[in-house]
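Open the model in your viewer and keep the selection tool at hand. Each stop says what to pick and what is there.

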Amino acid sequence: MSETNITKPNEGKEAVRETEKQREFMSLVKEMTLSTAKAKGRDLTACVITFGCQMNERDSEKLKGILTECGYRLTEYEKADLVLFNTCTVRENANDRLYGRLGAIGRVKRDNPDMIIGVCGCMTQEADEVGKLQKSYPFVDLIFGTFNVYKLAEILHSRLISGSTVTDIWESNDEFVELLPTKRKYPFKSGVNIMYGCDNFCTYCIVPYVRGREKSRASDDIVREIERLTEDGVAEVMLLGQNVNSYGKGLVEDIDFAGLLKKVEDIDKLKRIRFMTSHPKDLSDALIDVMAASDKICNHIHLPLQSGSTEILKRMNRGYSKEDYLELVRRIREKMPNISITTDIIVGFPGETKEDFEETLDVVRQVGFDSAYTFIYSKRTGTPAAKFDDLPDKKDIDERFNELLAVIKEISAKRAEKLVGETLEVLAEGIDSHDDKLITGRLSNNMLVHFPGTDKSIGKIVNVKIEESKGFYYFGTEVKYG
Ligand code: SAH
Ligand code: SF4
Ligand code: F3S
């Protein structure tokens with residue numbers, strides 16, 4: 001795991017004060033942790049378990065940075081002295097998974113009463129879920145939300161002093177506190193938050209309610225963060241936002257996402273730029289031009305379709321029609337014929353008929369996605385769609401879902417086949433989990449390649465000849481020039 005220790009805050013006066021305050025809490029907690037460790041004759045360990053999207057992954061790196069400063073040794077082992085669940089609530093099954101894990105950890109705590117268990121993230125922004133945690137899971141010690149991740153040390157301190165559960169949930173936060181230490185999962189790549197929240201209110205989606213209103217960070221702050229990351233060995237960044245295409249709204253400076261990408265591109269040591277997620281309704285021609293002209297922006301765009309039916313898209317409040325989406329793909333491919341396009345699709349939205357679903361299949365076939373994440377619609381309490389009562393039959397939904405999967409699998413395997421024989425740049429990410437003589441790396445188009453090699457290449461960009469396609473990953477061999 002890699003560490004970035006940031007000492008020079010520059011993101012707003014209030015943020016500076018808050019950073020200093022949190023640093024004080026970190027050292028207070030550290031004293032307590034070290035003295036308990038001494039008494040026990042061993043290090044205290046902490047385990048952070050992450051559900052959900054890249055935003056949560058990045059938040060967990062922040063949580064791990066704080067826990068390290070608080071004197072804990074990080075572990076993947078769930079029976080740790082402190083266990084923190086960073087939750088997702090985008091679909092019901094995400095919540096079910098949390099409660100399953102929490103029940104199990106509660107039983108572990110019965111034999112280890114000193115254990116500290118925390119729940120944070122998107123689920124805790126829902127009052128009902130907090131109520132359920134407090135009532136049915138009284139062994140949970142820390143409950144906090146998405147807006148005060150940076151306050152972990154303060155919350156933990158308060159728990160250690162009081163001995164009782166601390167619940168601290170905010171409705172919003174205007175301050176960006178970005179300058180606390182982080183512990184990255186990968187030394188050579190990192191997520192970077194460019195904006196928080198979402199204002200789109202797609203009718204099925206809980207994210208705007210649990211992540212709040214859309215807010216962009218100043219471009220200079222983003223650039224400075226990426227510069228620091230590159231000094232620390234990062235070659236690839238993933239710019240993160242729920243809708244990166246609306247980056248810049250509400251900022252004093254006059255900048256949009258295309259403009260931000262240009263600034264990020266100029267960072268010398270940075271080799272690769274990815275971003276996520278790009279909403280089709282706001283994708284500008286300027287962005288397509290910047291992508292097409294760039295050497296660093298990866299050859300991939302994730303462009304969630306959700307449905308191919310204009311009628312359903314309207315009910316979803318997505319802000320584009322089937323034709324708009326197809327036209328957008330045409331514009332992208334006109335400038336970048338080989339770009340990889342991936343997507344998200346929801347099956348079984350209320351009111352979806354067989355004909356609507358056929359429209360989705362039609363778009364899937366016309367676009368030829370390189371891959372797609374498919375989800376069965378999940379009703380989220382509090383969203384507008386929760387009131388739509390015309391859900392398709394479960395049997396129909398399951399049939400549609402399976403049909404969609406089969407079509408996507410066939411199309412993406414065909415697309416993947418096209419790269420066989422080419423030699424392409426790969427960022428070597430780690431030793432293959434199934435075969436330690438192989439390295440696993442990622443192509444610019446985001447696909448994985450396994451090739452013979454040693455850990456010496458990890459974190460570097462190497463050339464790999466693609467020899468065999470397995471549908472959604474490849475085997476290849478490294479090519480060394482000169
Ligand atoms: N901001 C991103 C998506 C974030 S959520 C965007 O707009 O594209 C990731 C994906 O989860 C969504 O693209 C959608 O396909 C899926 N999703 C969100 N809410 C859902 C729900 N209630 N049921 C099923 N899938 C859902
Ligand atoms: Fe949810 Fe829509 Fe916002 Fe994406 S754009 S997070 S799907 S509301
Ligand atoms: Fe889940 Fe929250 Fe992300 S609900 S998908 S972790 S923003």
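Predicted model: local features only at pLDDT ≥ 70, side-chain atom pairs only at ≥ 80, totals over all residues.

Residues are numbered from 1 along each chain as its sequence is written, chains are lettered from A and ligands numbered from 1 in the order in which they are written, and side-chain values use heavy atoms, with hydrogens and water left out.

**Stop 1: aromatic rings**

The structure holds 14 aromatic pairs. Rings of Phe, Tyr and Trp (its six-membered ring) pair if their centres lie within 6.5 Å; planes under 30 degrees apart are stacked, over 60 edge-to-face, the rest tilted. Select Tyr204 and Phe349. Their ring centres are 6.2 Å apart and their planes at 85 degrees, so the pair is edge-to-face. Tyr204 sits in the loop between strand 10 (195-196) and helix 6 (207-211), and Phe349 in the loop between strand 15 (340-347) and helix 12 (354-367), 145 residues apart. Helices (H or I, at least four residues) and strands (E, at least two) are DSSP runs, numbered from the N terminus.

Tyr377 is in the loop between strand 16 (371-376) and helix 13 (394-417), 28 residues from Phe349. Phe349 is buried at 0% relative accessible area, and Tyr377 counts as buried at 11%. Buried means under 20% relative accessible area, exposed over 50%, and partly exposed in between (1.4 Å probe, protein chains only).

**Stop 2: the cores**

Which residues have the most contacts inside the largest nonpolar core? Select Leu239 and Phe257. This core has 67 residues, and helix 13 gives the largest share, six residues. A nonpolar core is a set of buried Ala, Val, Leu, Ile, Met, Phe, Trp, Tyr and Cys residues joined through side-chain atoms within 4.5 Å. Leaving aside neighbours within four places in sequence, the contacts of Leu239 include Val192, Ile226, Phe257 and Met276. Contact means heavy atoms within 4.5 Å. Another core, of 28 residues, lies apart; Cys70, Tyr72, Cys120 and Leu142 are among them.

**Stop 3: ligand 1**

Show ligand 1. It is surrounded by 15 residues, the closest being Gln242, Pro304, Gln306, Asp344 and Ser378. To count here, a residue needs a heavy atom within 4 Å. A polar side-chain atom of Asp344 lies 2.6 Å from a ligand 1 oxygen. For the side chain of Gln306, an N or O atom is 2.7 Å from an oxygen of ligand 1. For Arg318, the distance from a side-chain N or O atom to a ligand oxygen is 3.4 Å.

**Stop 4: the backbone**

Most residues other than glycine have a negative phi, and most peptide bonds are trans. Go to Met276 and Thr277: a cis peptide bond joins them, with omega about 5 degrees. Thr277 lies in the loop between strand 13 (272-276) and helix 9 (285-293).

Next, pick Phe201. Phe201 has a positive phi of about 45 degrees and is partly exposed at 29% relative accessible area. Pro208 touches Phe201, along with Cys198 and Arg213, not counting residues up to four places away in sequence.

Finish at Asn317. Its phi is positive, near 60 degrees. Asn317 is in the loop between helix 10 (310-316) and helix 11 (322-335).

Methods
Polar contact = N/O pair within 3.5 Å; in protein donor to acceptor, adjacent residues only side chain to side chain.
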